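Please walk me through the aromatic rings of this protein, with the cut-offs behind each term.

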Amino acid sequence: MPDSGLAVFEKDNFNAEKYVKELVQDCVGGPELQQTKAKIQSHSDTVSSTLKKHVYENYMQFIETAKEISHLESEMYQLSHILIEQRNLLSTLRDESMLDDQKCIIEEQSIDPNENEEQQNKKAIQLIKESLIGYKGNLDDKVFIHEGGLIELDPNDYRPICRIHLFLFNEILVLAKVKHDKKLEFLTEYDTKKIAVINIKDLDGVNKNAINVFTSDGARIFQCVNSASKLEWIDKFEVAIKFNQLKHKKGPAPQPPTTLKFDRQQKSVDSEMLSPTASEVVSIVENLAPDWLASAPEEIQAEIAQRHFEDCLALVQKCEDYLSKDSSFRGAAEIGEKIKGLKSTLSSVLMQELSNSQSRSLQAALRSSRRPLKLLVEMEKAREACGILLRVCSSAIRTSQRQARRNNLAVSELFFCDVAQVASEFLRAFSSKVSCTSALIVWCNMELQYFASQLIKHYLTKDTQLEMVARVVEGVRDPCSKLTDIGLDLSYHMEGLLRNTLEQLLEEAKFRLVDSIGRTEDVWQPYNLQTKTNLRSVLKEFDVLGLDMKPLVTGDTWINLTQTSVNFCRHFLTTTESCAHLAKYDSLKQDAEMLLKELFLAQHAVKPHPSMSVDLNFIAKNKVYMGEVLLPIAIARFEKISDKKPDLLMELQLQLRGPPKPKPRSVYQTDVL
């Protein structure tokens, strides 16, 4: 008899099922089992009381700890303020020292200013390639514009992260990290066509002289040496962006202005310009842009930085409308290019805002996307916006599916509910853009394929019980069909994705179930349930399945069928229900009926061993019951669930009945006239 002390339960390899089996095998009679049960119950009570005692002690200790924490909270608050002040002071000192150490690569080298621009550009590129460690890109066909050292700041709290050296070319922006030995280690590069720069307003004690550069990796904030350097970087970025915009127009691409450090000596020429006459001054004043239009680019930058996107777009549209009506004033082309560049920047910021919701839940992502979507549609950026929105939704849906699988939730209902939400939000946002609907259809098909693959991988694996397969398929079918309410019919596509897997599972289940028939030896005697309670339980179970076995009850606890026949009736009816659910798919109806037919014939053909002495009439009664009672009920249940007639089972029923019997003739009638 296994040890019933507490030590056996504390072992790492303790197996409750194995322990109970050993108890049943070793205990003699019910009294010993009752004694062992009482000992185990006593251990359970002891452990429960001990656990309650420990919980109470832990609770009291928790209260004491909470009191201590409350006393420390005020002290920590004061200490935090002191540390923040110290950190700001140290950061200021470090930033000043770091910024003072930043030197330009080109400025330190001796380049002859008498050389032409192309030669100067080649020498500058050669110096940059020699100074960069780990860079393997091609700079030979690029035009160097500007370079300098900056400090990268954390986007959340503007805390300095590291020293960065930027090299700006007409097509790329190269980022290098300044190492402790002042050498430059290549980090990454960005296409200048896909970046946008925003001036960040200076805030006392937080950040000064900072710019926000929107890249394909997200927003990156850099701090410049001073305000003059900051304005210079913004101007140089505009030069690079304008260069890319003008390069695709007809005619030769405009060369960017020389930006090497030694060229600044040429700015003294501006002092030699002649003063205009009085008449020229009057004509110039009369032909200038309105004040609001001249200051519009700066206001648009401020609106973007403050995330006032609606006001920003309204101002951009106002400027475009004015320029379309009157562009004869001086500087109209320059202002128009600035407005165009800022509109592109606004579009990039809105795209980034839309992409930032990717890490959120689906509901939060859809809510946060409404604002940028509305503005992007107004800016005629619907195609790009719908692509980003659908990618964000895909990420959110797949994340929620993984969480649902871990928590054993209804993944099918959750998935189709999410698809319905995405479709409704998409159609609302792009109601005026019918051409975007095709993107939604393609997205639905792709997500359905991925969902089907995950469903097969986790729930429809080999050797999955037929009842579980039917439950999974039914869980998919109902929510999928509800999508027709919003105009999405994905049922046929879903059936096609699952068809091959379900056919294989039905085939495997057929061989497994048919092979199990006849493996248990039958005594071919009426089934004794031992107690009336057991009998009532069995009768109630069959009532739920639609089979009334009360006419077969004899005596107090007997059913006038063999135990094997009773068990098969239960098993056959549950299998019929599972197959009927699968048969709702037309492609699976034939396989489901074939499984039931072969399972029924296998049991119907079971015979007693020739050496057994059995009542042949009783054997015949079991077979007649299966053919005349069980099979018709199974046929009716199959048709009710699947809404389809089981042709193979109905043919089997006719075969079991045999040929029709001739009508009895009266001895008083004759065919002779």
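Lys318 lies over the face of Trp292, at 4.5 Å from the ring centre, where a charge is taken to sit over a ring if NZ of Lys or CZ of Arg is within 6 Å of the ring centre and within 35 degrees of the ring normal. The model is a predicted one, in which local features need pLDDT of at least 70 and side-chain atom pairs count only at pLDDT 80 or more, while totals for chains, interfaces and linings use all residues. Residues are numbered from 1 along each chain as its sequence is written, and side-chain values use heavy atoms, with hydrogens and water left out.

Trp292 also belongs to one aromatic cluster with Tyr322 and Phe329. The structure holds eleven aromatic pairs, a pair being two rings of Phe, Tyr or Trp (its six-membered ring) with centres within 6.5 Å, called stacked if the planes are under 30 degrees apart, edge-to-face if over 60 and tilted for the rest. Among them is the edge-to-face pair of Trp292 and Tyr322, at 5.5 Å centre to centre and 80° between the planes. This pair links distant parts of the chain, 30 residues apart, with Trp292 in helix α8 (residues 291-294) and Tyr322 in helix α10 (residues 309-325); helices are DSSP runs of H or I with at least four residues, numbered from the N terminus. Trp292 is partly exposed at 29% relative accessibility, and Tyr322 is partly exposed at 26%, where buried means under 20% relative accessible area, exposed over 50% and partly exposed in between (1.4 Å probe, protein chains only).

Phe415 and Phe416 form another edge-to-face pair, because their ring centres are 5.0 Å apart and their planes stand at 75°. Phe415 is buried at 2% relative accessibility, and Phe416 is buried at 2%.

Methods. Helices (H or I, at least four residues) and strands (E, at least two) are DSSP runs, numbered from the N terminus.
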